[in-house]
Amino acid sequence: MTVSAATSPVSYPLRVNRLPEKGTTVTIEADSAQRAALARLHDLLSVERFRAELTVRPWKAGGVRVLGRVEADIMHSCVVTLEPIAGRIDEDIAATFVPEGSRLARVEHEGGELVLDPEGEDPPEPFIGDSLDIGALAEEFFVLGIDPYPRKEGVKLDPPEEEAPAKADAGPLARELKKLRDRY
């Protein structure tokens, strides 16, 4: 996950070089302008509510661990009928960051092949400077919770009826094979 600074409508830069040992908790509630910007940015009809509660703690040698949850109520269009439908987002947030150049950010791999456990924890991501945009991080998890193909309950997409292929002359070989088949 790459946390993009200053492009998020819910941007919340947090200085992480002086975090208390037990960390700090941050709550982000998007106002109406921020919710409208999120809706525009992510092709939603509206974002009715956006709330993220994050705990940011020091982690190993200068690293930072962010844990929490993002919740939102959204309106998007049904992919079949284009009618507005409500959606709910409730995503856990877990990310680890280390200062750029840290040896903890390097992913070790064997014989030129990178092996990652898909069910395992993500490797730490590097950050530059002394702050992280935890609002942008919350937005990334918000996006992961959006249903890419929302469908109104009970609506199904009927596949188009297939047209019967026009009978074409299959050629002399097909005619001879048909004769053989009909004979036996």
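Predicted model: local features only at pLDDT ≥ 70, side-chain atom pairs only at ≥ 80, totals over all residues.
Local features require pLDDT of at least 70 and side-chain atom pairs count only at pLDDT 80 or more, whereas totals for chains, interfaces and linings use all residues. Residues are numbered from 1 along each chain as its sequence is written, and side-chain values use heavy atoms, with hydrogens and water left out.

**View A. Salt bridge between Arg 15 and Asp 130.** A salt bridge is defined as a side-chain nitrogen of Lys or Arg within 4 Å of a carboxyl oxygen of Asp or Glu; by this rule the count is 12. The closest N and O atoms of Arg 15 and Asp 130 are 2.7 Å apart. This pair links distant parts of the chain, 115 residues apart: Arg 15 belongs to strand β1 (residues 13–15), and Asp 130 to the loop between β6 (125–127) and β7 (131–133). Helices (H or I, at least four residues) and strands (E, at least two) are DSSP runs, numbered from the N terminus. Arg 15 is partly exposed at 47% relative accessibility, as is Asp 130 at 29%. Buried means under 20% relative accessible area, exposed over 50%, and partly exposed in between (1.4 Å probe, protein chains only).

**View B. Salt bridge between Asp 92 and Arg 69.** The closest N and O atoms lie 2.6 Å apart. Asp 92 is in strand β5 (residues 84–99) and Arg 69 in strand β4 (residues 63–77), so the bridge ties together parts 23 residues apart in sequence. Both residues belong to a network of salt bridges that also includes Arg 49, Glu 71, Asp 73, Arg 88 and Asp 90.

**View C. Salt bridge between Asp 182 and Lys 178.** The N to O distance is 3.1 Å. Asp 182 and Lys 178 are about one helical turn apart because four residues separate their positions in helix α3 (residues 172–183). Asp 182 is exposed at 55% relative accessibility, whereas Lys 178 is partly exposed at 46%.
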